[in-house]
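Hi everyone, thanks for making time this morning.

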Amino acid sequence: MFISERLFLVVCFIFCTSHSFADNNNIPRLPNGKPDFNGVWQVLNTANYNIEPHAASSAMSLKDGPYGSLPSDEVVSLGAVGSIPAGVGVTDKIPYQEWALRKREENKNNWLDRDPEIKCYLPGTPRATYMPFPFQIIQSEQAFFFAYEYAGATRNVFLSDPGPAPIDSWMGQSYGQWEGDTFVIEVTGNNDQTWFDRSGNFHSDALHVEERYTYKHPNLIRYEATITDEKVFTRPWKMSMNIYRRQAEDAQILQFKCVEFVEELIYGHLRRNHE
Amino acid sequence: MNRLLLLLILLYTHPAYAEYKTPETIFDQPDLQGIWSNATITPLERPYNAKESSISKHDAQAWEQQANAYISISEQPIDPDAPAPKTADPAKGYESFWVDRGTNLAIVNGAIRTSLISYPSNGKIPYRSSAQSKLQIFLSRFISGFDHPEQRSPGERCIVGYGSSGGPPMLPVLYNNHIQIIQNKDHVLIHVEMNHDARIIRLNAPHTPLPAWLGNSIGIWEDETLVVTTKHFAKGQDCRASMTHWFCMSENATVTERFTRISDSQILYEFEIDDPESFSDVWKGEIPLNAAEGPIYEYACHEGNYGMKNILSGARQQEAELKQ
Amino acid sequence: MRSIRPSYIILSITCFLLIIISFQVRAHHAFAAEFDANSPVKLSGKVIKIEWINPHAWIHIEVADESGSSQIWMIEGGTPNTLIRSGINKNSIKPGTEIIVRGFQAKDKTCKPACKANGRDITLSNGEKLFMGSSGTGAPRDGTDPRELKR
């Protein structure tokens with residue numbers, strides 16, 4: 001190899017390593033040296049509609065029409081507001097067992113009755129991460145906490161092993177550990193009531209989620225979640241996406257206590273003199 | 001003289017005499033972090049036969065013994081052949097094993113308190129007549145008001161925790177009196193178990209003037225005390241009730257809370273309600289927050305709210321029966 | 001500080017407690033709103049499942065009548081968080097456990113999908129409370145009974 005080629009390789013090496021070194025050291029850190037994930041965050045994808053790749057479509061709730069699907073009567077008045085944007089997806093085809101794939105389709109066809117989001121039920125993990133609402137991480141040397149704007153959902157992450165979850169819950173039990181600069185959270189003790197998105201993708205109470213939060217840039221987290229549920233899927237599978245930092249006057253979560261917004265839906269038929 | 005000097009030094013540095021120095025977080029702020037409980041049997045307002053703001057240890061023991069007697073009564077076995085409860089009996093709602101309201105009266109600055117309210121000096125909420133009327137209407141709904149879900153209290157609707165559990169002011173109720181405090185550089189989080197509410201207090205920031213069920217809170221540090229000011233309450237949180245306290249205020253109230261760590265295992269929690277629309281004076285309270293064994297468990301209320309359905313369907317069922 | 005005579009304290013506490021009991025006897029939902037104080041029930045049945053949920057846990061039991069047919073009852077409890085904090089978990093009470101419930105039936109007596117009642121007293125078939133307390137009652141606490149609350 002000629003000297004000029006060697007010099008070129010050395011310069012490349014120095015440039016490339018110094019660039020990634022700079023990025024690694026530019027991420028915010030707590031005084032104890034751990035990556036500082038404090039802040040308000042939000043995704044910019046359409047995963048909450050459908051975590052698999054999807055084309056745009058007219059509505060979540062459809063009926064047969066003369067030339068293909070049409071919005072169902074319950075949602076047709078929403079027009080384009082009720083339409084679904086396209087998305088490249090955050091995962092590939094989900095490896096359902098045969099019976100589970102049929103159930104997913106059934107869920108999709110009964111979306112209005114079955115999607116827990118419609119009733120303002122807690123979203124579960126990982127769906128809380130990619131709801132179209134921001135969330136805030138409050139982190140100290142002894143605690144790591146998620147506060148989600150959607151439904152005021154919350155999630156405290158244990159930093160030492162809490163043992164098995166005593167009961168199943170909507171947001172599960174989270175236990176977090178550091179792998180270098182990546183925060184890895186095991187979520188267990190999930191009930192079977194939540195969905196992964198609006199498209200009927202579901203799980204059982206055997207759900208186990210492993211989340212990984214890694215800074216790619218001071219204002220960008222790369223999020224990965226590995227899903228394991230031997231009752232529903234043929235193998236573990238993964239989703240991944242970017243989470244962006246909200247800034248300036250947008251760096252706060254507001255209140256979305258949707259329980260009062262769904263009282264007419266859930267209890268309206270029980271009002272006095274209900275027609 | 002040297003011995004006297006030595007004695008004075010020993011006395012000054014003895015834990016009993018030395019002022020408590022709050023540890024600091026990694027952000028160099030007083031550390032209030034941890035899990036705390038405000039459970040106590042001291043009521044919000046002074047009972048009518050308690051003339052003083054505090055009582056002796058002897059009287060306190062008698063009070064606590066009487067108040068806790070229900071636990072041992074409740075735990076006694078019942079004859080398997082005993083019949084259904086009589087309709088004439090006062091209807092007791094819960095077994096004691098569901099309950100965790102605390103077993104002791106609150107001790108603040110060494111005084112055993114007969115009310116959590118410390119001002120006015122009579123230990124009572126200084127209502128204006130309009131607020132009193134509002135309260136009467138609200139309380140009447142516990143035995144009426146089954147026509148619409150909005151007639152039920154925010155706690156029954158699972159919008160917020162009942163009885164001002166999440167506040168502010170944060171008051172003790174029959175169970176789940178736990179809060180978790182986490183601090184970063186510019187926020188203090190208070191995670192209230194009921195109703196899984198995250199009170200995010202932004203430090204040194206202006207209020208966000210949007211109505212919210214727990215109001216909008218900002219905080220500043222005054223030496224070692226966190227001072228939290230909350231405004232912009234949603235109208236629905238006007239009235240709050242538990243088994244032992246009930247009050248109404250307006251959405252224009254300003255609530256000021258002060259958190260001061262006074263030992264490794266205790267925070268002194270002080271609050272002040274300023275609402276000239278509802279009260280003829282400010283009223284203040286003091287509650288010790290005691291270090292508690294965690295964790296805080298999920299309180300997913302709305303998702304399991306059979307009770308709301310039962311209340312409404314039961315009323316419709318009874319109306320239908322009357323018509324027949 | 002003037003000492004208050006113990007009898008005044010006892011009197012005021014007793015009055016206070018009576019007010020609590022008669023006025024709002026349950027914390028989260030008002031009793032009178034949901035249950036019928038004129039419809040007392042005593043139910044003996046096997047636990048089918050327990051919904052460890054808030055604001056109230058619900059114990060589903062199968063109650064057989066004299067003719068041999070069975071009816072499902074949902075029994076309302078309190079918040080499970082108190083029990084969980086004391087060491088109880090979802091496996092503490094096995095399906096099939098025989099229990100006796102004394103309480104009051106819901107105002108809605110249509111029994112769809114199940115009849116409902118509040119669980120004022122919940123005991124095992126021998127009369128012992130389903131979960132035992134631990135506030136210095138002298139009850140044996142040697143750690144062998146999974147129902148013991150660890151306070």
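Predicted model: local features only at pLDDT ≥ 70, side-chain atom pairs only at ≥ 80, totals over all residues.

**A histidine, a glutamate and a barrel**

The backbone oxygen of B:Thr229 is 2.9 Å from a polar atom of the side chain of B:His207. And where along chain B is B:His207 found? Look at the loop that links β8 (197–203) to β9 (216–222). If we set aside residues up to four places away in sequence, B:His207 touches a group that includes B:Arg202, B:Ser217, B:Ile218 and B:His232. For a sense of distance, pick out B:Ile35, which is 172 residues away along the chain: its C-alpha atom and that of B:His207 are 26 Å apart.

Now let's move to another loop of chain B, the one between α2 (57–75) and β3 (107–108), where we find B:Glu95. Is B:Glu95 buried or exposed? Its relative accessibility is 1%, so B:Glu95 counts as buried; the cut-off for that is under 20%.

What does B:Glu95 touch, leaving aside neighbours within four places in sequence? From its own chain there is B:Ser74, and from chain C there are C:Gly119, C:Arg120, C:Asp121, C:Ile122 and C:Lys129. The B:Glu95 side chain comes to 2.8 Å from the backbone nitrogen of C:Ile122. With the side chain of C:Lys129, the side chain of B:Glu95 makes a polar contact, again listed at 2.8 Å.

That brings us over to chain C. Here we have three helices and five strands, and if you trace the sequence the order is α-α-β-β-β-α-β-β. The five strands form a closed barrel, running β1-β2-β3-β5-β4 with mixed pairing. On average, neighbouring strands of this sheet are turned by 55 degrees against each other, ignoring direction.

C:Gly103 stands opposite C:Gly119 in β5 of chain C, and you'll remember C:Gly119 from the contacts of B:Glu95.

Finally, a couple of totals. Chain C has 151 residues, and 55% of them count as buried. The chain exposes about 6,300 Å², with carbon and sulfur atoms supplying 55% of that area.

Definitions and conventions: Residues numbered from 1 in each chain as written. Chains lettered and ligands numbered in written order. Heavy atoms only, no water. Helix = DSSP H or I, 4+ residues; strand = E, 2+ residues; numbered from the N terminus. Contact = heavy atoms within 4.5 Å. Polar contact = N/O pair within 3.5 Å; in protein donor to acceptor, adjacent residues only side chain to side chain. Buried < 20%, exposed > 50% of the residue type's maximum accessible area, 1.4 Å probe, protein only. Areas by Shrake-Rupley, 256 points an atom, 1.4 Å probe, with all protein chains shown as cover. Pairing = 2+ DSSP bridges. Axes fitted to C-alpha atoms, helices over the stretch in contact; angles between N-to-C directions.
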